[in-house]
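Trainee: Hi! Could you walk me through a structure today?
Mentor: Happy to. Have a look at it here.

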Amino acid sequence: MIVITAPTGNIGSHLLSLLLDSTPAHDEALRVVVRDPVRLPDAVRDRVEVIAGSHGDAEVVERAFEGADAVFWLVPPDASLTPDAAYRGFTRPAAKALVAHGVGHVVGVSALGRGTPVAHRAGLVTASHAMDDLIATTGVSYRAVACPSFFENLLEDVDSLRETGVFTDAVDADLKAPRAAVADIAAVAADLLRDRSWSGQDSVPVLGPEDLSPADLARIMTEQLGRPVRYAQQPLDELYADLLGHRLDEAFARGVVDMKRAKNEGLDAGVARTPVTGSPTSFRHWCARTLAPAVRSGGARHAG
């Protein structure tokens with residue numbers, strides 16, 4: 001029995017599809033935890049056990065983890081909370097339920113940066129590492145899938161790319177850093193959940209095939225979209241004001257800003273790319289398959 005949290009999100013939906021294709025051959029059942037089961041396609045609901053509710057709720061995870069051998073853990077950040085409450089606080093009931101039900105393996109979505117000089121002041125990333133540490137204290141075999149920025153973050157800029165050819169972030173235009181597609185992240189998680197011969201606690205970086213700067217992204221998007229694309233760097237104080245204007249918790253907004261500052265200072269540069277840590281989907285391929293159709297269709301999607 002594998003339990004999947006956040007199965008309708010960008011990573012979770014990819015993961016669920018991969019496991020639905022493979023687990024029947026291994027005689028392994030799937031259980032999902034979802035706030036709104038209606039969001040699951042009918043064909044999926046017929047093939048999984050559904051636990052309705054939030055996986056931050058103690059009663060929900062008690063039911064979800066009963067009889068489970070493995071859990072996929074992804075925290076949907078709640079911008080109305082402080083970073084610590086959004087990550088470690090949300091995870092605390094699950095940590096207790098992992099112990100109570102003797103779950104053997106957990107695969108969690110986390111972030112790069114552990115062990116770097118800026119890891120302790122990286123906002124949301126620091127909070128995600130604290131979440132990893134909490135899960136590790138349960139004694140469960142744990143793998144933190146350590147992610148860089150997602151290609152899919154650019155889907156937030158679809159309208160701007162269509163109307164003005166501009167995308168925005170707060171990192172330096174020439175900062176080369178790893179970036180990855182969520183489908184590749186889901187594939188790594190699926191492999192870990194299917195083959196649970198591993199033990200102990202560790203992180204598994206997913207770095208994409210190459211480091212790219214915002215300037216590189218603009219050049220490739222210009223090629224793929226057939227129109228000029230320009231990067232606009234947003235000052236950190238302006239980003240903070242914008243986040244507060246969207247009614248984010250002040251500490252959470254500060255956590256986003258601190259994460260962006262840490263990325264500028266090398267947060268994502270602590271792991272070397274190897275055949276193991278690299279992932280296959282190139283940004284050029286992702287643009288052709290995902291971004292260009294979204295820009296043409298007029299429908300923005302959001303990363304999960």
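Trainee: Anything to know before we start?
Mentor: This is a predicted model, where local features need pLDDT of at least 70, side-chain atom pairs count only at pLDDT 80 or more, and totals for chains, interfaces and linings use all residues. Residues are numbered from 1 along each chain as its sequence is written, and side-chain values use heavy atoms, with hydrogens and water left out.

Trainee: Is C147 buried or exposed?
Mentor: C147 is buried, with a relative accessible area of 4%. Buried means under 20% relative accessible area, exposed over 50%, and partly exposed in between, using a 1.4 Å probe and protein chains only. C287 also counts as buried, at 1% relative accessibility.

Trainee: New topic: how many aromatic pairs does the structure hold?
Mentor: It holds 5 aromatic pairs. Rings of Phe, Tyr and Trp (its six-membered ring) pair if their centres lie within 6.5 Å; planes under 30 degrees apart count as stacked, over 60 as edge-to-face and the rest as tilted. One of the pairs is W73 and F90, which is tilted, with 6.0 Å centre to centre and 45° between the planes.

Trainee: Where do W73 and F90 sit?
Mentor: W73 is in strand β4 (residues 70–73) and F90 in helix α4 (residues 83–100), 17 residues apart, so the pair links distant parts of the chain. Helices (H or I, at least four residues) and strands (E, at least two) are DSSP runs, numbered from the N terminus. Both W73 and F90 are buried.

Trainee: And what about F283 and W286?
Mentor: Their ring centres are 5.9 Å apart and the planes are at 20°, so the pair is stacked. F283 and W286 both lie in helix α11 (residues 283–297), 3 residues apart, about one turn of the helix. F151, F283 and W286 form one aromatic cluster.

Trainee: Last one: what is the order of the open sheet of 3 strands?
Mentor: The order is β7-β9-β11, with mixed pairing; two strands pair if DSSP finds at least two bridges between them. Strand β9 (residues 177–180) and β11 pair in the antiparallel sense over 2 bridges, and P178 has D211 in β11 as its bridge partner.
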